[in-house]
Amino acid sequence: MAMATATATEGTETNDDGARPWQSYHTVYTTAKAGMDGVDKEKVQRTVYEMSKGSKYFQNEERKDAFITQKIDKLRTQCDKLTQADLSHFQKVADRRILELEALRDLSRIWLHVDMDAFYAAVETLSNPTLKGKPMAVGSMSMISTANYEARKFGVRAAMPGFIARKLCPELIFVPTDFNKYTHYSDLTRTVFRRYDPNFMAASLDEAYLDITEVCKRRNIKSEEIAEELRTSVYEETGLTCSAGVAPNRLLAKVCSDINKPNGQYVLPNDRMAVMTFISSLPIRKIGGIGKVTEHILKAVFGINTCEQMLEKASYLCALFSQSTADFFFSVGLGLGKTDSPEVRFRKSISNERTFSATEDEVLLYKKLAELAEMLSTDMQKEGLCGRTLTLKLKTSSFEVRTRAMTLRKYISSREDILKHASELLKAELPLSVRLIGLRMSHFDGDKYGGSTSNPKQKTITDFIASVDADRNRFLPDVADHDFVSHTETNVSIGSCQTSRDPADGNHSSDVNCQSGTGWSSEEIQTSGNNASCSNYGQVKEAVESTFPIQGQFEDTSTLNLSNLLDDERLNSCEDKTMLWLNDYKCSLCGIELPPSFAEERLEHSDFHLAEKLQKEESRIHQRTSVSSRSWDQKNRITRERISKKQKLSQKEGSYRPIDYFFLLKSNKNRPS
DNA sequence: GCGGATCAC
DNA sequence: TATGGTGATCCGC
């Protein structure tokens, strides 16, 4: 994490003359995890550092770290620039926002998160009992997927390269991954889960969320007993142990399942005080969605360590981060999370990538590309997908990641089409020493909101806050997960309707991302351009065709240059006028000003524009004319009918109240419960 | 829409 | 000798 960042707020770090340089090399796998209690962390830290020092990987980590340091410096500067007036303004905005979020707290559901203990390792031990009691890791010398608890005592962990693990634990046994096995056992566990919640949400092969509200009610027993019973059943039917967490929402349930791991459980009651007490001292890193970078930034800039401090520093968070980010932070401070029933969702992209020993050999690279195109095409056709946006991913020998994308007019899925376009993308990057190539397809045929179709992007306040939840991105089927096929109603990104968060009266920037030089010097681009036409085309063609005989397509590729592509294949950006709130205050279509807190009013306003739009479309058909603002109410009613179903779905009965209600309560000095 | 970054498992 | 693969999201352009 912070390699060269001994900072004022991190007073314990003594980075003088590299006396203890390993202390500042914070890798992701030094985070405290279950089974790591008696570990000599300093020794692990030192070993990891010694094994990594000087490597290309390490140098890249240093480079990334320098960016984070820069970002931290920038945030600190912005903090220092805030005046007392600014702070009091943002404190008010934050207080209001926190009240709005609090108003949406839902304590009516009981969620259970179940997490298998060292899943891959446990399955391997089942099929080979001689491994029992010995330190073992699933994975390879390059990368470890899971380590059993014996290995964890040595500091061996998932995501750690095997050669470092072996240094930490010389007798470590390596077992190669076997996903068929894990899928089989995963299916067995899911048979159990289904008995408690037929609509349970699989988060991965070894994790699931169950809404046990109904089963508790029906059998009139406590959630604690359900959790015990479920874990016993899983053990009896698979021979595997698991841990469970029970809480009023999924975010908290996930945190709880980690508390008594392995083979344990923890129940957090559906009580606001209990939640607030629980959350107050909880380190933010325990929250899903807060990773090592966010943790580091929040600690270094604001001194935030616990969830409670998210609320204490609310005015700063409000001032320096986007609204959606600030909302998420506040939710964490309040212990809020999603409680809704599983939404089914369409996948949004499909991809594959491979790492190999770094090479500049263009023939080899094109051959790898052809293999990936073949695999991707096969995967897409298995699912009946056709896509328009193709993204090439490259990792250079210095571990720098680049992506290059193109959006086509036509939907494609054949390996010939994929390879043709992917080759163009790759050609523009060469020459380059590469250690990984990947291909991703997105923007699928049939995507609901894929294009510029008229689509009310403005979400209801309920949608908005619900989607702020940290586990928003975790309920997608993994590759081997056939249980979870999906569709979703509001497949809309929050960011798409957000602009700058700067208040109208502010004169400082809210820009938090330091998007400075990413290694793409103009010189490099120039170089790429000069080499755009592949010098050894004959060899490349031979390599590709020997891998996958292609009829003619590759000939075409050689004559296509980038400008042709731009004219011929690429789409121009299609702008469809969608309403958004400029500076979070002003309607981009008519200029009316409404503060963010006027959620209901804003909703009505966006409904108005939607109605206006619909009417325009209609009148185009009827050769008829305009819309006057006097008819707002009438049109608003029409729109309301259209979208009322959606709102009902997104509002839990009884939990919804107009925002004004809480302002009223607040001014009466009554906090809503 | 693109590209970089972050995150989870 | 040696630091993964898949999918999603957010932000600033």
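Visitor: Which residues in the largest nonpolar core touch the most other members?

Guide: Please bear in mind that this is a predicted model. A nonpolar core is a set of buried nonpolar residues joined through side-chain atoms within 4.5 Å. Here the largest such core holds 51 residues, and I287, L298, F302, M310, L317 and F330 touch the most other members. Among the elements that give two or more residues to this core are α2 (56–81), α3 (84–103), β5 (201–204) and α12 (292–302). The largest share, six residues, comes from α15.

Visitor: What does L317 touch, leaving aside residues up to four places away in sequence?

Guide: The contacts of L317 are L298, F302, I304, M310, A326, F329 and F330. There is also a second, separate core of 36 residues, which includes F119, L131, A202 and A244.

Visitor: How should I read the open sheet of three strands, and what is its order?

Guide: Strands of a sheet pair through backbone hydrogen bonds, either parallel or antiparallel. In this case the order is β3-β2-β4, with mixed pairing. Because β3 (144–147) and β4 (173–175) each have a single partner strand, they stand at the edges, and one side of each is left without a neighbour in the sheet. From one strand to the next, the twist averages 30°.

Visitor: How many bridges join β2 to β4?

Guide: Three bridges join β2 (residues 136–139) to β4, and the two strands run parallel. M136 has I173 in β4 as its bridge partner.

Visitor: Which helix packs on the sheet?

Guide: Helix α4 (residues 119–127) does, touching β2, β3 and β4. The direction of α4 makes about 110° with that of β2.

Notes: Residues numbered from 1 in each chain as written. Chains lettered and ligands numbered in written order. Predicted model: local features only at pLDDT ≥ 70, side-chain atom pairs only at ≥ 80, totals over all residues. Heavy atoms only, no water. Buried < 20%, exposed > 50% of the residue type's maximum accessible area, 1.4 Å probe, protein only. Helix = DSSP H or I, 4+ residues; strand = E, 2+ residues; numbered from the N terminus. Contact = heavy atoms within 4.5 Å. Pairing = 2+ DSSP bridges. Axes fitted to C-alpha atoms, helices over the stretch in contact; angles between N-to-C directions.
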